[in-house]
Amino acid sequence: MLAALAVVQVLLVLSLRWVDPPTTAFMAANPDGAIQESVPVEHVSRNFLAAVIAHEDAALPYRSGAFDWNVMWGRAQAHIFGDEDPAGSTIPQQVAKNVFLNQELSAWRKVVEAGLAVEMAAFVDDRRMLELYANYAQFGPTIYGVCAAGWYYFDSPPAELSEAQAVQLVGLLPSPGHVQRAPGGGMDFEVDDGMGWLSRSHVINAQNRVPAHLDRLGFQPVEDSGVEGLASDQEPSDDDCSTPPEEVIELIAAEGTA
């Protein structure tokens, strides 16, 4: 039975090379539901992709494997001794967590996450890893993926996100649950739970840090991850998210923030 489960698990990870999951563990666990629509990474603004790499995992295109083992050991020691985490999770670790796991912060979950990330990095190349991250990361209480996020906050398809918009979106990644669309577009942190300051602080931190990385490196890390050309160079397709998902339209109408 254990061998059969191991084979199924490997096949599930392997399928991520080609298959966009209809849902993820994070999305399924959200009691308020989830709005998500996948888009090929080629149709995503290079501003956004470069901002994601700069903010979340600058070493993604240049590292062999899911993470650096020395960095991981340092993080494990910090956890054991109750110190502040010296480095965040890499993009492969976050994809593994988003797709298969939950928000539990236990050491055991971190071990499972690391194992899945190693396996994913062995089967999934950097381009596809970046695509999975862009499509399933959480950007709002019920907003997942850059397609829904671009339309929800900025009335913009993912291909046309500006640098400033991209930086705001990646700023939400550490704390996406305390923000809503502002009337007419943009981000409003005056939310009912009173925790909007947390999401706002992360956005401000990104605005202070990420533009310098983009000015210095441009889109080179995106190209080195295997994404060539610009989103504007791509031919239109049925899955390019050039029109807003119906669920996003309905949510904006329900909130009265059109």
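Predicted model: local features only at pLDDT ≥ 70, side-chain atom pairs only at ≥ 80, totals over all residues.
**Entry 1: the cysteines**

I looked up cysteine 147 and cysteine 241 and found both of them buried (buried is under 20% relative accessible area, exposed is over 50%, and partly exposed is in between, with a 1.4 Å probe and protein chains only). For cysteine 241 I noted 2% relative accessibility, so it counts as buried.

Residues are numbered from 1 along each chain as its sequence is written, and side-chain values use heavy atoms, with hydrogens and water left out.

Back to the cysteines: how many disulfides does the structure hold? I found one (a disulfide is a pair of cysteine sulfur atoms within 2.5 Å). Cysteine 147 and cysteine 241 form it, with their sulfur atoms 1.9 Å apart. The torsion about their S-S bond is about 80°, so I wrote this disulfide down as right-handed. The pair links distant parts of the chain, 94 residues apart: cysteine 147 sits in helix H8 (residues 145-154), and cysteine 241 in the loop between helix H11 (220-224) and H12. Helices (H or I, at least four residues) and strands (E, at least two) are DSSP runs, numbered from the N terminus.

I also checked the backbone of cysteine 241 and got a phi near 60°, a positive value in a residue other than glycine.

**Entry 2: aspartate 155**

Another positive phi turned up at aspartate 155, near 55°, and this residue isn't glycine either. Is aspartate 155 buried or partly exposed? At 41% relative accessibility, it counts as partly exposed.

Next I looked for its partner. Aspartate 155 forms a salt bridge with arginine 181, the closest N and O atoms being 3.1 Å apart (a salt bridge is a side-chain nitrogen of Lys or Arg within 4 Å of a carboxyl oxygen of Asp or Glu). This pair links distant parts of the chain, 26 residues apart, with aspartate 155 in the loop between H8 and H9 and arginine 181 in strand E3 (residues 180-181). Arginine 181 has 2% relative accessibility, so I put it down as buried.

**Entry 3: arginine 127 and its partners**

I searched the whole structure and got seven salt bridges. One joins arginine 127 to glutamate 42, with the closest N and O atoms 2.8 Å apart. These two come from distant parts of the chain, 85 residues apart: arginine 127 is in helix H7 (residues 126-136), and glutamate 42 is in the loop between strand E1 (35-36) and helix H3 (46-56).

Arginine 127 also forms a salt bridge with glutamate 131, at 3.2 Å between the closest N and O atoms. Glutamate 131 and arginine 127 are four residues apart in helix H7, so about one helical turn separates them.

For accessibility, arginine 127 is partly exposed at 22%, while glutamate 42 counts as buried at 19%. Glutamate 131 is buried too, at 7%. Stepping back, I saw Asp20, Glu42, Arg127, Arg128 and Glu131 linked in a network of salt bridges.

**Entry 4: helix H5**

How many residues of helix H5 (residues 91-100) are buried? I got nine of the 10, so the helix is largely enclosed by the rest of the structure. Among them are Ile91, Pro92, Lys97 and Val99.
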